[in-house]
Amino acid sequence: MIPQKTVNVASAEELLCANRFGVFFGVPQPVFDHVWQALSRPEGKSVAYVSMEIGADPDMFHPVQDFLRAQGWKKSGDETCTRFIDKYLRGPRKIPVYSGGLGVLAGDTLKSFADLHIPVFAVSLLYREGYFSQLVDSRVGQIDQAMQWSPENTPTLFQLQDPDRPGQPLELTVPFFNEYDHPTEAKAHVWMKMEISEEMDYFVPEFLLDYSIPSSPPWVREAGLRLYSAKSDIMKANQRRMLGSCVLPLAERLGLSPQTIHLNEQHGVAVTLHLILRELEKRLGQDYHVKMAREDILAAAQEAAERIVYTIHTPVKAGHDRFARSLYTGISHATGCRILDLLAGDPDSPHEYNFTAFAMRVNRAVNSVSRLHRDVTRKQFPESASKIRAVTNGVHHLTWISPARARVFDSTDELLGWRDDPGLFGEAAMENDPAFLKQLRLAWEEDNRILTAYVNRMLGEHRSRMEETWIDPPNYLSHLKQGEGSLLSPGVFTIGFARRFSTYKRADLIFDNIGTLADILAKGGWRVNFLFAGKAHPQDEPGKSVLKLILDNQEELYQRSNGLARLVFLPGYDMALARIMVSGVHTWLNSPKRPLEASGTSGMKAAMNGVPNLSVMDGWWVEGYHEGQTGWKFGYEGPINADSLSEDPSTLLYAEDSRSFYELLPKVLDMFYSRPDEYLQLSVNNLRLNVPIFNTHRMAAEYVRKYELPLDPKTEARVVGFANLYKSDSCDWTEPQA
Ligand SMILES: *Cc1c(COP(=O)(O)O)cnc(C)c1O
């Protein structure tokens, strides 16, 4: 467990807090009141952060649980308090309402807002069936299973109560303007997840709306069950509306007064439509729908834009929601469609509404998630080019640094205070400190042992279950008899790759020519473990085929390399597995087609642990790569043209980019096996050069500048300090030109 900082709490009862919406646990009452007041000040100086998914599993970063354990508090004289302690110490560890990088980024961002004391609340949905559970069978590939979980027992998650009906859950009414005069009313219960700062002196509430309740219409209940449910376009469109349309009613019901609404991706952009409708009503009166002219709509949109900050996360088309206009006329009223006609049009596709285009047009700031992505986004949206800026993503360092690494940093004088200020890594002279280097090496070895043990345990379980289930273990090694090389050994060079399986991420790139790969290893006598994980969206058949290819390559790679190469697939990728992987491998592989990985964050998690990246020059790596210092680059790095943005198989550059990888690999292996001290310096360089930049404290601080919030002087000073660590939008950098 990560040692805790001093927290000024003398008894568990002090962590009980309450307001008219219920009794909660996790911060002292004065902290709770302070935060709630900051969110509800009448002048509206807070932020609503709207995201389709939030990844913040309580086993990953959990100051309250760590604190209770450190204190040894298992129960209390107060019954309610004991119930909460119990939930915190033993509750389920997952909140499966995320699918990948977008959600994990949201969770990390909110944790940094809490650590920085920024008045923000988040809005998302509570999916009773989560995303999906992944089973993997060697013959079938990925099998999607429904997932069950229990919000009731999940630590840090509380159902809000109705102040006027004691004992009843708060039920929010969200109007859907299907019919003009008779809007459908969807009902939702509201859950609050508290993202609590490390010192338990601030929190960011996340409100998760549960629409799958009996009082909602069946189509709403169904659309709210699973994240990115895509059984039909209508269901998909409705799920988006359920996110965006609840923001204003929720804030009103809770008495919160956000001036700024931050759209984390365009999924929740329906809130913009609602802001425009309200503004029209304010200007023209109740019969605005008959009176409004084009100019009125544009003026109302301009007013609404003042409240919106929008982050776009991907240049990939599948990430930009488009819906047929005919579909929308069926689920929305004519006034809504008139607004969309004006603001959500797409010249390339006149029969559709393009919600990325809508979000792009109506806002006061647009941010992309890296410098390269900024330039690509400007090309994709030339009308908005001048306002598109970069705020490069980050990760929450306290979530992603492994316990073993954290112990080393805690015991290093020069890094004193690193938990509060990841910028400190930039100033510490660690590279010549033999004691530090030794500790760092030992911690890396420990994390590699933990990872290897995890994999071996999994392989063992597969083997023992083989007779009992109809699942054929996804790993070739599981089929080998004990002793025939059926386990992994720690200390063997380990390459990790884990992320969503989408075709542009090219998980199978390095296996494009297995013969070449096997020859490289044989020539150097190098053993290598390849560890892969990740889920493909249930409807993404090409993504599933890539996953299946990884499974299919295992035996051939093993045989042709005479057992030097072992490729293992780890099912059920989630945040906990991500941390074990990014800290336990020797290098983190990233092989997308440039420039389709707008940022990528798993590589930053590796860098936080001092693990060098082996990556295509895409996303954050363009900024994090320092030649010869932080890792390696391979693959195409020329200018971006029309083909670059295509996902057509013929444009994916497999042959060129895999050849470039094969040229590089022997250099990496040679350094690891022959010059371990040099290899360790890569680790130190990552800590020094990349930790101060690719963390969410710095990123959140850059966003706070865009929010234009008046902050108290102490918070302001911290924000300025973090924002000064890096200028994402630096103009010194330009994308290579043709
Ligand atoms: C960090 C993370 C991701 C995102 O990884 P990318 O490299 O950005 O694709 C996805 N899933 C999980 C569980 C993660 O922790």
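**Salt bridges in the predicted model**

A search of the whole structure finds 43 salt bridges, a salt bridge being a side-chain nitrogen of Lys or Arg within 4 Å of a carboxyl oxygen of Asp or Glu. This is a predicted model, in which local features need pLDDT of at least 70 and side-chain atom pairs count only at pLDDT 80 or more, while totals for chains, interfaces and linings use all residues. Residues are numbered from 1 along each chain as its sequence is written, and side-chain values use heavy atoms, with hydrogens and water left out.

**R93 and D59**
- R93 and D59 form a salt bridge through their side chains, at 3.6 Å from N to O.
- R93 lies in the loop between α3 (79–90) and α4 (101–116) and D59 in the loop between β3 (46–51) and α2 (63–71), so this pair ties together parts 34 residues apart in sequence; helices (H or I, at least four residues) and strands (E, at least two) are DSSP runs, numbered from the N terminus.
- R93 is exposed at 55% relative accessibility, whereas D59 is partly exposed at 21%; buried means under 20% relative accessible area, exposed over 50%, and partly exposed in between (1.4 Å probe, protein chains only).

**R389 and D729**
- The closest N and O atoms of the salt bridge between R389 and D729 are 3.5 Å apart.
- Because R389 lies in strand β16 (residues 388–390) and D729 in the segment after α27 (713–723), the pair ties together parts 340 residues apart in sequence.
- R389 is partly exposed, at 32% relative accessible area.

- D410 and R419 form a salt bridge whose closest N and O atoms are 2.9 Å apart.
- D410 is partly exposed at 29% relative accessibility, while R419 is buried at 7%.
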